Amino acid sequence: MLRELAENPPCIECGLCREACPIFTILRQEHISPRGLAILADQGVASVVFYQCTLCRSCRVICPVGHDPAGESIRADLVARGVETEANREMIANIRQYGNPFGPLKEGEIPKRLTCC
């Protein structure tokens with residue numbers, strides 16, 4: 001069972017999270033793995049690479065210490081610092097203006113693309 005975020009232990013850099021990560025499974029790049037992102041976060045790096053995470057938390061489920069990547073709070077900090085992707089900027093603008101991440105939709109229209117991260 002996942003622990004509350006208040007009990008978020010630090011990453012021990014074992015790397016078990018990498019194989020549970022859907023993004024690392026496809027891209028096979030360490031800096032995009034949960035361990036790589038944890039190291040970058042600990043170093044205070046502000047980069048759009050944090051938007052590669054799907055926020056699925058598969059890494060936390062397999063992590064032996066239950067480290068949570070805290071992707072939402074990292075992204076909130078990045079947005080506050082002006083570090084975000086154009087797609088993320090568009091998604092936030094759509095939510096604020098239209099109440100959804102897709103932008104203007106007609107009644108019953110199914111969106112053809114999702115603007116995200």
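How many helices and how many strands are there in the protein chain? The protein chain holds five helices and zero strands, where helices (H or I, at least four residues) and strands (E, at least two) are DSSP runs numbered from the N terminus. Read from the N terminus, the order of elements is α-α-α-α-α. The model is a predicted one, in which local features need pLDDT of at least 70 and side-chain atom pairs count only at pLDDT 80 or more, while totals for chains, interfaces and linings use all residues. Residues are numbered from 1 along each chain as its sequence is written, and side-chain values use heavy atoms, with hydrogens and water left out.

The C-alpha trace of the protein chain spans about 50 × 30 × 30 Å along its principal axes. Of its 117 residues, 32% count as buried; buried means under 20% relative accessible area, exposed means over 50%, and partly exposed lies in between (1.4 Å probe, protein chains only). The chain exposes about 7,400 Å², of which carbon and sulfur atoms supply 57%. These areas come from the Shrake-Rupley method with a 1.4 Å probe, and for residues only the protein chains shown count as cover. Among contacts (heavy atoms within 4.5 Å) with a separation of 6 or more, 53% are accounted for by residues 24 or more positions apart.

Helix H4 comprises residues 71-80, and its buried residues are Gly-71, Ile-74, Arg-75 and Leu-78. These residues lie on the same side of H4, because they cover an arc of only 95° around the axis, the arc being that of the directions from the helix axis to the C-beta atoms. The cover over the buried residues of H4 includes H2. Just after H4, Gly-82 adopts a positive phi of about 80°.

Arg-75 is also one of the residues touched by Cys-53; the other is Leu-37, when residues up to four places away in sequence are not counted. Cys-53 itself is placed in the loop between helix H2 (34-42) and helix H3 (58-62). From Cys-53 to Gln-97 the separation is 44 residues in sequence and 25 Å in space, C-alpha to C-alpha.

The charged side chains were examined next. Lys and Arg count as positive and Asp and Glu as negative, with His and the chain ends not counted. On this basis the protein chain has 13 positive and 14 negative side chains, and the centres of the two sets lie 4 Å apart; each charge is placed at NZ of Lys, CZ of Arg, CG of Asp or CD of Glu. Side chains of opposite charge can pair when their charged atoms come close. The structure holds nine salt bridges, a salt bridge being a side-chain nitrogen of Lys or Arg within 4 Å of a carboxyl oxygen of Asp or Glu.

One of these salt bridges joins Arg-35 and Glu-30, with the closest N and O atoms 2.9 Å apart. Arg-35 is buried, at a relative accessible area of 17%, whereas Glu-30 is partly exposed, at 28%. In the salt bridge between Asp-68 and Arg-60, the closest N and O atoms are 3.5 Å apart. Asp-68 is buried at 1% relative accessibility, and Arg-60 is buried at 5%. Asp-68 and Arg-60 also belong to a network of salt bridges that links them with Arg-57 and Glu-72. A further salt bridge brings together the side chains of Arg-81 and Asp-77, at 3.1 Å from N to O; Asp-77 is partly exposed, with 37% relative accessibility.
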